[in-house]
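Look at the sequence and the structure, then read on.

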Amino acid sequence: MKNLAWTLALRFLFFIAIVLLFAYISYGQSIKNYKFPNDYRGIIHLHSELSHDSDGKFEDIVEAGKNNQIDFVVMTDHWSPELYEKSKKGFFENILFIAGAEISKNEGITILALPLPNNFTPEDDWKRNVASLRKQGSLALANHIEFSETGQLVALDGIEIINLHAHILQQSKLGLIYTYFQALLPWNWNLAYIFNDVPNLPRWRYLNQYEPLPAFAGNDTHDNYRLFYKIGPKLGSYDNTFKLITTHIWANELSEKSVIESVKNGQSYFAFEIFGKSKGFRFYAINNESVFLPGSIVSQTREKETKNQKTILTVQAPPHANPRDTTLRILKNGKAIKEGRGILLIEEISEPGVYYAEIWKDGKPWIFSNSIKIVDR
């Protein structure tokens with residue numbers, strides 16, 4: 001009886017494997033002629049000597065970008081009347097630099113302007129600043145959302161889901177002391193040990209219940225944090241922080257326009273790259289043989305007289321991912337609906353909702369996509 005049970009179990013597993021194989025092949029046929037856009041790695045939110053609280057040199061930013069294969073950098077120095085003229089714009093060493101600005105906190109809202117318009121002067125009203133930026137074709141992104149009310153964030157074009165600077169300072173005093181002494185250890189130069197979770201993730205999930213709200217990772221690099229005040233190794237150097245977290249866009253070309261559109265639409269994802277390079281990650285939907293990336297709205301037919309049209313969601317880990325310590329997750333309206341360990345996760349759905357993907361590596365946060373919205377036609 002025991003041998004019979006094992007035989008039946010093996011046959012069942014073999015049957016399931018065949019079904020999954022054919023399903024994967026059929027899905028693959030749907031995208032065989034689809035050319036995925038390029039994956040561009042970027043840095044959003046950092047400061048240079050053009051800010052009052054930084055002494056970082058532009059040359060060091062370029063060098064850090066080259067060292068870490070960065071494709072684009074959105075500069076966000078604190079706003080000043082001369083900032084637009086002094087800001088670097090265009091390509092330097094094949095890295096695209098976009099001049100943005102950080103606009104001071106007002107009623108709990110701090111704004112990143114992407115890009116900074118010429119002749120823009122902030123007012124003491126964050127709503128007017130948002131309207132002014134949009135009127136000039138710029139995005140108004142919320143950063144330092146730890147100070148913002150959840151209801152305010154839906155009025156912005158996107159939110160900074162993680163801020164390296166704030167993430168460190170939000171700890172208790174004992175936590176800061178522990179972090180400080182941990183950083184003295186040479187193998188902790190990258191501060192990776194502080195990323196056990198993403199504190200703003202539940203908030204973002206709540207905001208994503210009904211309508212997609214694009215998110216990005218903020219480095220908030222100032223290049224002036226040292227272990228011993230003004231001496232000792234830098235904890236917040238450009239080179240170090242560029243290794244920690246990045247924001248990626250999918251686009252056919254690298255230009256200021258493509259970066260702005262991808263961030264606005266949410267055709268992007270952010271990654272804690274200290275746990276592994278993320279290029280090669282994909283999250284997409286297939287519906288009626290068409291492929292949809294994050295930032296898309298998928299219309300599917302749900303009529304009584306016809307069979308409900310299905311949408312296939314696929315999460316694909318980067319090629320180098322180890323399936324033994326990689327957990328993939330698909331979420332709908334802020335709640336996980338499917339989870340699995342490996343490098344590929346596929347789910348067939350028919351219900352409308354806001355869907356997005358997460359990948360965790362050995363329990364650590366790794367890759368987080370923006371949303372695909374599925375609606376009934």
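## Buried, exposed or in between

A residue counts as buried under 20% relative accessible area, as exposed over 50%, and as partly exposed in between. Glu49 has a relative accessible area of 43%, so Glu49 is partly exposed. Keep these cut-offs in mind for the residues below.

## The chain as a whole

The model is predicted. The chain has 377 residues, and 52% of them count as buried. It holds ten helices and 23 strands.

## Salt bridges

The chain has eleven salt bridges. One of them pairs Glu49 with Lys57, with the closest N and O atoms 2.8 Å apart. Lys57 is partly exposed, because its relative accessibility is 39%. Some salt bridges form a network, which links Arg205, Arg329, Glu339 and Glu358.

## Two bridges across the sequence

Lys279 forms a salt bridge with Asp71, and their closest N and O atoms are 3.2 Å apart. Lys279 lies in the loop between strands S13 (268-272) and S14 (282-287), while Asp71 lies in the loop between helix H2 (58-67) and strand S2 (72-75), so this pair ties together parts that are 208 residues apart in sequence. Lys279 is partly exposed at 32% relative accessible area. Asp71 is buried at 17%.

Glu211 and Lys373 also meet in a salt bridge, at 2.6 Å from N to O. Glu211 sits in the loop between helix H8 (201-207) and strand S9 (215-221), and Lys373 sits in strand S23 (residues 372-376), so the pair ties together parts that are 162 residues apart in sequence. Glu211 is partly exposed, with a relative accessible area of 47%. Lys373 is buried, with 15%.

## A negative patch

Which residues form a negative surface patch? They are Glu59, Asp60, Glu63 and Glu93. Glu93 is placed in the loop between strand S3 (90-92) and strand S4 (95-99). Is Glu93 buried or exposed? Its relative accessibility is 53%, and exposed means over 50%, so Glu93 counts as exposed.

Notes
Residues numbered from 1 in each chain as written. Predicted model: local features only at pLDDT ≥ 70, side-chain atom pairs only at ≥ 80, totals over all residues. Heavy atoms only, no water. Patch = residues over 30% accessible without salt bridge, like charges linked within 9 Å, V, L, I, M, F, W, Y side chains within 5 Å. Areas by Shrake-Rupley, 256 points an atom, 1.4 Å probe, with all protein chains shown as cover. Salt bridge = Lys/Arg side-chain N within 4 Å of Asp/Glu carboxyl O. Lys, Arg positive; Asp, Glu negative; His and termini not counted. Charge placed at Lys NZ, Arg CZ, Asp CG, Glu CD. Helix = DSSP H or I, 4+ residues; strand = E, 2+ residues; numbered from the N terminus. Buried < 20%, exposed > 50% of the residue type's maximum accessible area, 1.4 Å probe, protein only.
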